[in-house]
Amino acid sequence: MLDADFFHRWMAAAAALVSREADHLTDLDSAIGDADHGSNMQRGFAAVTAVLDKEPPQTPGAVLALAGRQLISTVGGASGPLYGTLLRRTGKALGDAPAVTPQQLAEAFGAGVAAVAQLGGAQAGDKTMLDALLPAAEALGTSFGAARDAAEEGARATVPMQARKGRASYLGERSIGHQDPGATSSALLVAALADTVAADGSGS
Ligand code: ADP
Ligand code: MG
C-alpha cells in the first residue's frame with residue numbers, strides 16, 4: 001500500500017530530479033519555446049516540497065491536492081496549471097483513503113491525465129506533455145518500471161512531431177526535430193515515482 005509518506009517522498013524525488021535536469025529542460029525550451037521550463041519546474045517543485053515539509057498532509061489524496069495547488073500558484077506559463085491539474089485531479093480521484101494500492105494510483109493518474117487533456121485541449125501526437133503522460137498512465141496498470149519506460153519513450157517520440165499546442169506551435173514546421181520540454185519533465189515525474197517505489201519496495 002502507498003501511504004501519504006510515500007506520496008510525499010515521490011514529490012521530493014520529483015523536485016530533486018527536476019532540479020538536477022533544470023538546465024536541460026530550459027535548453028529544450030529555448031529551442032522551441034521561451035527558455036523558462038527548467039526554472040518554472042524548479043521553482044514549482046521547490047515550493048511543493050517546502051509546503052509539504054511544513055504541513056505534511058495525512059492522506060495520499062491530500063498530498064497531491066496540496067502539491068497541485070502549490071504548482072498552480074507558483075508556476076507561471078502553460079505548465080503550471082497543467083501540472084497542477086494533473087496532481088489535483090489525481091489526488092481527488094484517490095479520495096480520502098489513508099493508503100492506496102498501485103492499481104488505485106494507476107486509475108487515479110489516468111483521470112489526472114485526462115483532465116490535462118481536457119484543460120489544454122491537446123491529444124496524443126500534438127508534441128506536449130501528454131505524449132509522455134498518456135503512455136505512462138496506460139503502462140502504470142502493468143508496473144511502475146513500465147510506466148517510466150513508456151514516459152521516456154513517449155518523450156523521445158516527440159522529436160519528429162510538429163507542435164500543435166502551446167508556444168512551440170507558433171513555430172510550425174520549425175518545431176520538428178526537438179524534444180518537447182513538457183514531455184521531458186513529465187518523464188522525470190514518472191521516473192521519480194518509479195525511483196520512490198524502488199527505494200522502499202512499497203509497490204511490490
Ligand atoms: P510556457 O509555454 O508558457 O513557457 P512552459 O515552458 O513551462 O510554459 O511549458 C511548456 C510545456 O507545456 C510544453 O513543452 C508542453 O509540453 C506543455 N504544454 C503547452 N501547452 C499545452 C497544452 N495545451 N496541453 C498540454 N501541454 C501543453
Ligand atoms: Mg516556456
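Reply: Exposed means over 50% relative accessible area, buried under 20%, and partly exposed in between (1.4 Å probe, protein chains only). Bear in mind that this is a predicted model, where local features need pLDDT of at least 70 and side-chain atom pairs 80 or more, while totals for chains, interfaces and linings use all residues. Residues are numbered from 1 along each chain as its sequence is written, chains are lettered from A and ligands numbered from 1 in the order written, and side-chain values use heavy atoms, without hydrogens or water.

Now the inward side. Phe 144, Ala 147, Ala 150, Ala 151, Gly 154 and Ala 155 are the buried residues of α8. They sit on the same side of the helix because they cover an arc of only 130 degrees around its axis, taken from the directions from the axis to the C-beta atoms. What covers them includes β1 (2–3), α6 (102–120), α7 (130–140) and α9 (181–200), with contact meaning heavy atoms within 4.5 Å.

How does the length work out? α8 has 13 residues, 144–156, so at 1.5 Å a residue it should span 18 Å, and its end C-alpha atoms are 19 Å apart, which agrees. That expected span is 1.5 Å times one less than the number of residues. Helices here are DSSP runs (H or I, at least four residues) and strands likewise (E, at least two), numbered from the N terminus.

For contrast, elsewhere Asp 29 is buried at 9% relative accessible area, whereas Asp 36 is partly exposed at 23%.
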